[in-house]
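Try each task before you read its solution.

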Amino acid sequence: MNDNTNRNTNTTYMYGATAPQYFPGYEPGEAYEEALRERRREVQEEERRRALRRQRRILEREKRASRMNMMVMCFATAMVLGLCAAYIGLQSRLTANKNQIAELKTKVLNLTQENDAREKSIETSVDLNDIRKKAMKNLGMVYPKERQIKYYHIDNTDYMEQYKDIPSGNGKSIFGLLFSN
């Protein structure tokens with residue numbers, strides 16, 4: 001009955017494993033298969049266009065990301081190079097300072113040795129016997145007697161308090177009197 005109804009109304013249905021679809025002007029045979037192939041080609045072409053668009057979008061995103069990555073890498077490289085240059089500069093200044101310290105230590109050592117040598121030469125050039133003879137003959141000095149010697153105790157302080165002014169005398173110092181002829 002179903003076949004008769006379809007023929008009477010002049011509409012054609014295609015039955016298959018899926019729900020029936022209506023194809024107007026369906027004529028079984030070559031035309032249907034050609035239309036089906038054409039439809040498949042159109043669907044495939046549309047899918048290919050979508051895939052191309054997707055690929056283009058992905059490529060554009062990758063290009064943008066690649067540019068950003070390149071900029072970040074350039075910035076990071078510049079920062080690392082700057083830090084390396086600063087480090088090398090600090091190292092060179094440190095080496096220069098070490099060399100300068102070594103030179104100054106050498107100068108101090110040389111000056112200390114020279115100072116010690118001059119002090120020894122001064123000590124050896126002064127004849128204490130000559131000073132004693134001049135003090136006893138020219139100035140009338142004598143060794144003190146035991147009762148004249150006064151002993152005193154020194155505190156552990158680093159300074160001394162002076163209660164009276166030192167008398168000036170005739171303007172000559174003891175050393176001046178000793179070494180004058």
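The exercises below go from the overall fold to salt bridges and surface patches.

This is a predicted model, in which local features need pLDDT of at least 70 and side-chain atom pairs count only at pLDDT 80 or more, while totals for chains, interfaces and linings use all residues. Residues are numbered from 1 along each chain as its sequence is written, and side-chain values use heavy atoms, with hydrogens and water left out.

**Exercise 1. Find which element of the protein has the lowest mean pLDDT and which the highest.**

Step 1. Start with the elements, taken as DSSP runs numbered from the N terminus (helices: H or I, at least four residues; strands: E, at least two). The protein has 4 helices and 2 strands, and along the sequence they follow the pattern α-β-β-α-α-α.

Step 2. Turn to pLDDT, the predictor's confidence in each residue, from 0 to 100. Its mean over the protein is 80, and 70% of the residues reach 70 or more.

Step 3. A word of care: where pLDDT is low, the predicted coordinates should not be read in detail.

**Exercise 2. Work out what share of the residues counts as buried.**

Step 1. Set the classes by relative accessible area, with a 1.4 Å probe and protein chains only: buried is under 20%, exposed is over 50%, and partly exposed is in between.

Step 2. Apply them: 3% of the 181 residues count as buried.

Step 3. The protein exposes about 17800 Å², and carbon and sulfur atoms supply 57% of that.

**Exercise 3. Count the salt bridges and describe the one between Glu114 and Arg118.**

Step 1. Use the rule that a side-chain nitrogen of Lys or Arg lies within 4 Å of a carboxyl oxygen of Asp or Glu. The count comes to 8 salt bridges.

Step 2. In the pair Glu114 and Arg118, the closest N and O atoms are 3.2 Å apart. The two residues are 4 residues apart in helix α2, so about one helical turn separates them.

Step 3. Elsewhere, salt bridges that share partners join Glu45, Glu46, Arg48, Arg49, Arg50 and Arg53 into one network. One of its links is Glu45 with Arg48, whose closest N and O atoms are 2.4 Å apart; these two sit 3 residues apart in helix α2, about one helical turn. Another is Glu46 with Arg53, at 3.7 Å.

**Exercise 4. Identify the residues that form the nonpolar patch and the positive patch.**

Step 1. Select residues with over 30% relative accessible area and no salt bridge, then join like charges within 9 Å and nonpolar side chains (Val, Leu, Ile, Met, Phe, Trp, Tyr) within 5 Å. Lys and Arg count as positive and Asp and Glu as negative, with His and the chain ends not counted; each charge is placed at NZ of Lys, CZ of Arg, CG of Asp or CD of Glu.

Step 2. The nonpolar patch consists of Ile122, Val126 and Leu128, with about 290 Å² of accessible area together. Val126 lies in the loop between α2 (30-125) and α3 (128-138) and is partly exposed at 33%.

Step 3. Arg54, Arg57, Arg61, Lys63, Arg64 and Arg67 form the positive patch. Arg67 lies in helix α2 and counts as exposed at 53% relative accessibility.

Notes: Areas by Shrake-Rupley, 256 points an atom, 1.4 Å probe, with all protein chains shown as cover.
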